[in-house]
Amino acid sequence: MRGKFITFEGADGSGKTTQIEKIKTYLEAKGHECLLTREPGGSKLGGKIREILLHYDGNVDSLCELLLYMADRAQHVQTVILPALNEGKTVLCDRYTDSSVAYQGYARGLDIERIIKLNEIATDNIEPDLTIVFDVETEVAMQRVGETKDRLEQEGIDFHKKLRYGYLELAKKFPQRIKVVNSNLGIEEVFEQVKKILDEKWLETQIKS
Ligand SMILES: Nc1ncnc2c1ncn2[C@@H]1O[C@H](COP(=O)(O)OP(=O)(O)O)[C@@H](O)[C@H]1O
Ligand SMILES: [Mg+2]
């Protein structure tokens, strides 16, 4: 049986990395073998693309940026995500297609429909079974990120507000797939919300099958 594909979204500092570790432990205790991966840079080739995306110090054209993310995604899906799903593993992925729509679309202003189409091509229509968006006040996220920021984290507060709005719009558009948690709260309180969503989702699929 194909494994479940769960993606995690939200601004930098929203708590994705912190929560994913806890989620992995939680799911493994329930008997699910998990693969933890991330975008950009979840594959070997993708690691090189990630370096460019986060640290290239020259001007990056926004379409070029978008296509680099897509190239990373195509390699990631085909060489990492799909093989793991086919082995029955639960794949936990830190950022995926919604990041492109939120960052390059809503925040940077590229055409959203075009990004959605490119996502379909890059992923060969491999969609997550569940996406959790960690929603956090922009100021709170920025405080958590602190002083050492990468290229995208250096964007201003306006960019981050549009990003947050974008994620919430996506959640409205795809309410079956995308669930939002309040990530302004403490680590354990956020995790309680996540567990509830995971448990409900599991129950749901058990009833269906
Ligand atoms: N709910 C929370 N409350 C307070 N601090 C948090 C919370 N979640 C994460 N942090 C801290 O904020 C920083 C960024 O969290 P991280 O999980 O790396 O976020 P992301 O992966 O979304 O960028 C880390 O130092 C982490 O310990
Ligand atoms: Mg992280």
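Q: How far does a polar side-chain atom of Thr18 lie from an oxygen atom of ligand 1?

A: Good place to start, and do keep in mind that this is a predicted model. A polar side-chain atom of Thr18 lies 2.5 Å from an oxygen atom of ligand 1. Thr17 has a polar side-chain atom 2.7 Å from a ligand oxygen, and for Lys16 the corresponding separation is 2.8 Å.

Q: How much of ligand 1 does the protein bury?

A: Ligand 1 exposes 560 Å² when taken alone, and the protein buries 68% of that.

Q: Which residues are closest to ligand 1?

A: Of the 13 residues that surround ligand 1, the closest are Gly13, Lys16, Thr17, Thr18 and Leu185.

Q: Where does Gly10 lie, and what is it in contact with?

A: Gly10 sits in the loop between strand S1 (5-9) and helix H1 (16-29). Beyond its neighbours within four places in sequence, Gly10 is in contact with Lys16, Arg95, Tyr103, Phe134 and Tyr167. Gly10 and Val133 are 123 residues apart in sequence, and their C-alpha atoms are separated by 5.4 Å.

Q: Why does Gly10 count as buried?

A: The cut-off for buried is under 20% relative accessible area. Gly10 counts as buried because its relative accessible area is 0%.

Q: How should I read a helix such as H4, and how many of its residues are buried?

A: Start with the general idea: an α-helix has 3.6 residues a turn, so residues three or four places apart point the same way. Now the case here: 11 of the 11 residues of H4 are buried, so H4 is largely enclosed by the rest of the structure. Among these buried residues are Thr97, Asp98, Val101, Tyr103 and Ala107. Their cover includes S1, H3, H5, strand S4 (130-135), H7 and strand S5 (178-182). Just after H4, Gly109 takes a positive phi of about 90 degrees.

Q: Which residues touch the most other members of the largest nonpolar core?

A: That core has 19 residues, and Val101, Ile115, Leu163 and Tyr167 touch the most other members. Two or more residues come from each of helix H3 (62-86), helix H4 (97-107), helix H5 (112-123) and helix H7 (157-173). Apart from this core lies another, of 18 residues, including Leu92, Val181, Val190 and Val194.

Q: What does Ile115 touch?

A: Not counting residues up to four places away in sequence, Ile115 touches Leu66, Met70, Ser100, Val101, Gln104, Gly105 and Leu110.

Q: Is Arg177 buried or exposed, and which side chains does it make polar contacts with?

A: Arg177 is buried, with a relative accessible area of 12%. Its place is in the loop between H7 and S5. The Arg177 side chain makes a polar contact of 2.8 Å with the side chain of Asp98, and another polar contact, of 2.7 Å, joins it to the side chain of Thr131. Leaving aside neighbours within four places in sequence, the residues in contact with Arg177 are Asp98, Glu127, Pro128, Leu130 and Thr131.

Q: How many disulfides does the structure hold?

A: A disulfide is a covalent bond between the sulfur atoms of two cysteines. The structure holds 0 disulfides. For Cys93, the nearest cysteine sulfur is that of Cys34, 13 Å away. Cys93 is buried, at 0% relative accessible area, whereas Cys64 counts as partly exposed at 38% relative accessibility.

Technical notes
Residues numbered from 1 in each chain as written. Chains lettered and ligands numbered in written order. Predicted model: local features only at pLDDT ≥ 70, side-chain atom pairs only at ≥ 80, totals over all residues. Heavy atoms only, no water. Core = buried A, V, L, I, M, F, W, Y, C linked by side-chain atoms within 4.5 Å. Buried < 20%, exposed > 50% of the residue type's maximum accessible area, 1.4 Å probe, protein only. Helix = DSSP H or I, 4+ residues; strand = E, 2+ residues; numbered from the N terminus. Contact = heavy atoms within 4.5 Å. Near = heavy atom within 4 Å. Polar contact = N/O pair within 3.5 Å; in protein donor to acceptor, adjacent residues only side chain to side chain. Areas by Shrake-Rupley, 256 points an atom, 1.4 Å probe, with all protein chains shown as cover. Disulfide = S-S within 2.5 Å.
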